Amino acid sequence: MTEDQKKRIVQRIARNFLDILVLRLIQAEPMWGYKIIKKTRRLFGVKIRHGALYPLLNSLEAEGYARSKKITKEGRVRKVYTITPKGKQLVKAYHQFLKEQLEGLDIKEA
């Protein structure tokens with residue numbers, strides 16, 4: 001597999017599983033929106049627009065997968081997101097499902 005092919009696969013997965021990707025990022029460490037945007041671009045080569053990220057974060061919070069807390073750092077108020085136990089369960093369920101589909105599923109033609 002070429003580096004270009006690998007890059008396209010990573011970007012496609014990141015775009016299609018953006019909710020899970022964001023949950024995994026905030027599971028690794030609490031972060032605010034701009035940091036999520038920068039880290040996603042650096043790690044996966046995917047640029048998330050503010051107009052896409054913040055509705056996603058609000059949705060994850062409304063569904064109980066993430067929570068936020070306002071903190072003041074260097075005179076700036078930031079809304080920092082963390083994953084909840086329910087969010088951790090969702091990430092684990094996605095991981096298990098994808099693992100089963102990619103490794104254990106024996107598909108035969110009918």
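**Exercise 1. Work out how far apart aspartate 4 and arginine 8 sit along helix α1, in helical turns.**

Solution. Start with the numbering: aspartate 4 and arginine 8 are four residues apart in α1, so about one helical turn separates them. Next, look at the side chains. Keep in mind that this is a predicted model. The closest N and O atoms of aspartate 4 and arginine 8 are 3.0 Å apart. The cut-off for a salt bridge is 4 Å, and the pair does form one. Side chains of opposite charge can pair when their charged atoms come close. Counting by that rule through the protein, you end up with three salt bridges.

**Exercise 2. Describe how α2 packs with α3, and then with α4.**

Solution. Two packed helices are described by the angle between their axes and the distance between the axes.

Step 1: take α2 with α3 (residues 33-44). Their axes are 11 Å apart, at an angle of about 105°. Angles of 65 to 115 degrees count as roughly perpendicular, and α2 and α3 are therefore roughly perpendicular to each other. On the α2 side, the contact uses Leu21, Val22, Leu25 and Ile26, while α3 brings Ile36, Lys39, Thr40, Leu43 and Phe44. Sort the residues of this contact and you have seven nonpolar, one polar and one charged.

Step 2: do it again for α2 with α4 (residues 50-62). Here the axes come within 11 Å and cross at roughly 75°, which makes α2 roughly perpendicular to α4. Leu18, Asp19, Val22 and Leu23 of α2 meet Leu53, Leu56, Leu57 and Leu60 of α4. This contact sorts into seven nonpolar, no polar and one charged.

**Exercise 3. Find out which residues lie closest to the centre of the largest pocket, and which helices line it.**

Solution. Begin with the volume: the largest pocket holds about 440 Å³ of space. Its lining has 15 residues, and Ile13, Phe17, Ile20, Arg24 and Leu98 are the closest to the centre. Now assign the lining to helices: α1 (3-16), α2 (18-28) and α5 (85-104) each supply at least two residues. The largest share, six residues, comes from α5.

Methods: Residues are numbered from 1 along each chain as its sequence is written. This is a predicted model: local features need pLDDT of at least 70, side-chain atom pairs count only at pLDDT 80 or more; totals for chains, interfaces and linings use all residues. Side-chain values use heavy atoms; hydrogens and water are left out. On a 1 Å grid over the protein atoms alone, a cavity is a set of points where a 1.4 Å probe fits but cannot get out, and a pocket is an open set with protein on both sides within 12 Å along at least five of seven lines; lining residues have an atom within 4 Å of a point. Grid points are joined across faces, edges and corners, and a volume is the space filled by probe spheres set on the points. Axes are lines fitted to C-alpha atoms, for helices over the stretch in contact, and angles run from 0 to 180 degrees between N-to-C directions. Angles under 35 degrees count as roughly parallel, over 145 as roughly antiparallel, 65 to 115 as roughly perpendicular and the rest as oblique. Contact means heavy atoms within 4.5 Å. Ala, Val, Leu, Ile, Met, Phe, Trp, Tyr, Cys and Pro count as nonpolar, Asp, Glu, Lys and Arg as charged, and the others, Gly among them, as polar. A salt bridge is a side-chain nitrogen of Lys or Arg within 4 Å of a carboxyl oxygen of Asp or Glu.
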